[in-house]
Amino acid sequence: MAMTDLPHTALRGALHLLWVSSLVVPLVAVLREPSALRWLGVLGLLVLAVAFATTLRGGPLWVLGAAILLSMPLVAPAGPDELFTWAWIGGAAAGFAPLLLTGPWRWLGAIGAVVVSGVVGQVVDHHYSAYQMIAASVGLTIIAMAGLPMWFAGLLGQARAGREAQAELAVSEERLRFARDVHDLLGHRLTVIALKSELAGRLASSDPERSAAEAFEAQRLASSALEEVRDAVHGYRAVNLPEQLEAVRNVLQDAGIRCSVSSVPVEGERATQLALALREACTNVLRHSHATWCMIDVAVADEEVRMTVTNDGAEKPSKEGNGLRGLRERLAAVGGQVSVEKSGDVFTLQVVVPA
């Protein structure tokens, strides 16, 4: 996973903390250096810290690689032998290589960092094995502490993308279904109307009576087609509320969200308006939350029908979306109301229509 894809600032902070922790021992070792090498070592560590911060914020990886190479002559010679100064830096490089790189390079980078640590130890202190053991231990620790959270973060990102794709697919399938219905209704009728109109035009001078009959038939077919389109549109809008409730419950459960539904019989225009609001609520749950549960309740009280949709995992909205705004305007036209409430991570959408 690339660093720029990390979804949580807290995870970035944890990675920064791990990197800084790996530089504590080298910093102590460098500060205990009595010669002028101390300041070269401090400079090397500062370059490493800046390079890692740059990389974690989306900068090129070669910056961190160059900083690690530069730290070898600056940091490795400084400090007492028993602190194995550069071994900790090599361990950090081995630990973060699988997190920063992709493909086979991640493991080649980790193994290479351990090997290079041994070479540096041999050149500086003749402690090849000690440097390698320290680098391998630090690297494995970083992988264990940072790799698992990053893996889970990637899974959460994929799950959210899957929910959004599922919601968009449902909308696209409904549009395609309606387009197919309209095509089936109009395709044949318009072809026949065109042929009869052309025939009426040709017969206008030679056979006026038949021409009039064909023109009248074309008009009748056009009126019939218009009526069928109106019926199709009415059927598209006048959805079945119980079927929509069952469909929404199935979609949410397929997305891993526990969903409970309680409702009373509702018919007519009220059912249509509630079903349209239910679609919008389902889309919001799938696309704008990390919900684990959702409750849908439809009840009649005080000469009005109330539908309440409640879910957890709600994100903080920056502003009201177009879907809720359109829903509010559509219900206002029929005397309905929409209200939303957020308490912690629990989001409640309530739709009221006259009974």
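Five strands form an open sheet in the order S1-S2-S3-S5-S4, with mixed pairing; two strands count as paired if DSSP finds at least two bridges between them. The model is predicted, so local features need pLDDT of at least 70 and side-chain atom pairs count only at pLDDT 80 or more, while totals for chains, interfaces and linings use all residues. Residues are numbered from 1 along each chain as its sequence is written, and side-chain values use heavy atoms, with hydrogens and water left out.

- The edge strands, each pairing on one side only, are strand S1 (258-262) and strand S4 (337-343); strands (E, at least two residues) and helices (H or I, at least four residues) are DSSP runs, numbered from the N terminus.
- Neighbouring strands of this sheet are turned by 10 degrees against each other on average, direction ignored.
- Strand S3 (residues 304-311) pairs with strand S5 (residues 346-354) in the antiparallel sense over eight bridges, and Thr310 has Thr348 in S5 as its bridge partner.

**Helices beside the sheet**

- Helix H9 (residues 241-254) lies across S1 and strand S2 (293-301), and runs at about 165 degrees to S1; axes are lines fitted to C-alpha atoms, for helices over the stretch in contact, and angles run from 0 to 180 degrees between N-to-C directions.
- Helix H10 (residues 268-287) packs on the sheet and touches S2, S3 and S5, while its direction makes about 10 degrees with that of S3; contact here means heavy atoms within 4.5 Å.

**Nonpolar cores**

- The largest nonpolar core has 36 residues, of which Trp19, Leu48, Trp86 and Phe96 touch the most other members; such a core is a set of buried Ala, Val, Leu, Ile, Met, Phe, Trp, Tyr and Cys residues joined through side-chain atoms within 4.5 Å.
- Helices H1 (9-22), H3 (37-56), H4 (61-75), H5 (85-100), H6 (105-124) and H7 (128-203) each give two or more residues to this core, and H5 gives the most, with nine residues.
- Not counting residues up to four places away in sequence, Leu48 touches Trp19, Leu23, Leu64, Ala67, Ile68, Ser71 and Ile89.
- Another core, of 33 residues, lies apart from it and has Leu274, Met307, Leu324 and Leu331 among its members.

**Cysteines**

- The structure holds zero disulfides, a disulfide being a pair of cysteine sulfur atoms within 2.5 Å.
- Cys282 is in no disulfide, and the nearest cysteine sulfur, that of Cys294, is 7.8 Å away.
- Cys282 is buried, with a relative accessible area of 10%, where buried means under 20%, exposed over 50% and partly exposed in between (1.4 Å probe, protein chains only).
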